[in-house]
Amino acid sequence: MDFKRRSGVLLHPTSLPGKEGIGTLGKSAYDFIDWLKASGQTLWQILPLGPTGYGDSPYASFSTFAGNPLLIDLDMLVEKGWYEKKLIKAPDYIKKTGNVDFGAVVWWKMLLLKDAASYFLKNADKDDIALFKEFCREKKNWLDTFATFMSIKAVYDKKAEEEKPASSLWNAYWPKELASCDKEAISLWQKEHKEEIEVLKVIQFFFDVQWTALKKKANENGILLIGDIPIFVAVDSADVWGNQKLFQLDKDGRLLAVAGVPPDYFSADGQLWGNPLYDWDAMKADKYSWWVSRIKRVFELTDVLRIDHFRGFEAYWSVPAGEATAINGKWVKGPGIDLFNTIKKRLGDLPVIAEDLGVITDEVKALRDNCGFPGMKVLQFAFSVDEAEQNGMVNYFLPHTFTDNKCVIYTGTHDNETMQGWLENLDDKQVMLVASYIEGHELSVEKSRSLVKNGSLRKDMIRTVFASTASYAIIPMQDILGVGNEGRMNMPSTTGANWTWRMENNSLKKADADTLAFLSKMYGRNIQA
């Protein structure tokens, strides 16, 4: 990290407006980059880019290497001559505005993308076919595994719909020779399903071409892209299926233990995430090659990386498979500095942000600091009435307590309420505490509520983030727009309504751009990337 003063916006591409029912890498993404530049911002933070699985979560992807096909812009395929315009009109059930209906979008768009890929293979000129073949060669280390996994999954997911087994996961329902990733069985499958596998590779090529162009546009406009990876991956993924020896699985590919977090003040049962755990001894014996490849891939797509649940590299909460809650887990030591020394040796110094939220021990802090990674500060976490009454305003998320600039400050993250929603939900004591701190003098509850209602307190929270000593200041787009909790991106440990928020058309206002540009200049964050 260069630790220069920068600022930017957190917005996942799925939240962009557009006619395809979901944000894409097309015109709205380019308009957003133009708006960021006009706003004086040099950072665009996104969530993981992988193809989403159960619950539509970008943190539960079918692959940590592949791109999400739903982000591919159809008009741009037509512009390239890779599809026909008459075929891309969205049906009536695809919402042109409002939140993403993932079920509808997947049903329509994935069939269309497969058709577009077939069209490309039949009609693209020789130069474009050469580019595709070069892409396949360059990404072979993950692309073959991903495309094969998804082709097998398509067949057995369809069978599962008819036969309704207890589980349709590869480690419970696929034929043993395919589930075990037997080389001969996989080779035979690839020969028998060559066309379907090739189509899946073309779709990844489409994503790569569009994302590469978008990143180039951002970088040319002085904007760095901040990527994101979860520490763990989904069991229903090509990553686990194709690398079973690197995970804590039995000989049949079934989980031995799963990830989670222990019981705490917020949850008496803890959180049972269910992700497979790494076999760190096996990974070390393999010189952490899978992790090196994973990090390398993220830096092909982005300029800076945020690693989610960083504390798990020091010690992780291991829960025996089959447990109903996370209560009966235990702390197990992770790879620690050895992993990051290996990554540094292989890839050099890399700009990484450590998500160090939650209960962080001295050992985790030491690992973060020894790696040279900045941690995160979230302004919403800074205001405890009990702490304030006992010790004054000394919470370490408060800007005036920062001891150095090696951190990244947010108003909130994708896992929090929006700033406006959070302020509206505060009780009387807390809203007075927040308002009095931000405004610089003691305020009544009535005056504090008034500042919340008219949006002034939200705006001043944003200003406070910009004014902090933190190297990077990042604001979720919902907070800039003043969206309430109807715009919340994710509520942890729930499914059904997460990840769906989208901006409305014409949300990129000049007035907001002017305000952000002023704040960036006023507080010395308007440097060029």
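The structure holds 28 salt bridges, where a salt bridge is a side-chain nitrogen of Lys or Arg within 4 Å of a carboxyl oxygen of Asp or Glu. Side chains of opposite charge can pair when their charged atoms come close. This is a predicted model, in which local features need pLDDT of at least 70 and side-chain atom pairs count only at pLDDT 80 or more, while totals for chains, interfaces and linings use all residues. Residues are numbered from 1 along each chain as its sequence is written, and side-chain values use heavy atoms, with hydrogens and water left out.

One of the salt bridges joins the side chains of D144 and K201, with 2.8 Å from N to O. Because D144 lies in helix 5 (residues 140-163) and K201 in helix 9 (residues 194-220), this pair ties together parts that are 57 residues apart in sequence. Helices here are DSSP runs of H or I with at least four residues, and strands are runs of E with at least two, both numbered from the N terminus. D144 counts as buried at 17% relative accessibility, and K201 likewise counts as buried at 12%. The word buried means under 20% relative accessible area, exposed means over 50%, and partly exposed is in between, with a 1.4 Å probe and protein chains only. The areas themselves come from the Shrake-Rupley method, again with a 1.4 Å probe, and for residues only the protein chains shown count as cover.

A further salt bridge is formed by R449 and D428, also at 2.8 Å from N to O. Since R449 lies in helix 18 (residues 445-453) and D428 in helix 17 (residues 428-439), the pair ties together parts that are 21 residues apart in sequence.

R368 and D369 make another salt bridge, in which the closest N and O atoms are 3.0 Å apart. Here R368 counts as buried at 17% relative accessibility, whereas D369 is partly exposed, with a relative accessible area of 47%.

| K201 | D144 | 2.8 Å |

K287, K296, K345 and R346 form a patch of positive charge on the surface. Such patches are made of residues with over 30% relative accessible area and no salt bridge, like charges being joined within 9 Å and nonpolar side chains (Val, Leu, Ile, Met, Phe, Trp, Tyr) within 5 Å. Lys and Arg count as positive and Asp and Glu as negative, while His and the chain ends are not counted, and the place of a charge is taken as NZ of Lys, CZ of Arg, CG of Asp or CD of Glu.

Backbone angles are the next topic. Most residues other than glycine have a negative phi, and most peptide bonds are trans. F3, however, has a positive phi near 60 degrees; F3 is found in the segment before strand 1 (6-10) and counts as buried at 17% relative accessibility. K164 has a positive phi near 50 degrees, and its place is in the loop between helix 5 and helix 6 (170-173), where K164 counts as exposed at 66% relative accessibility.

Finally, distance along the sequence can be set beside distance in space. A117, in helix 3 (residues 102-123), is buried, with a relative accessible area of 0%. A117 and I203 are 86 residues apart in sequence and 6.1 Å apart in space, C-alpha to C-alpha. Y173 lies in helix 6 and is buried, with a relative accessible area of 16%. Y173 and T411 are 238 residues apart in sequence and 44 Å apart in space, C-alpha to C-alpha.
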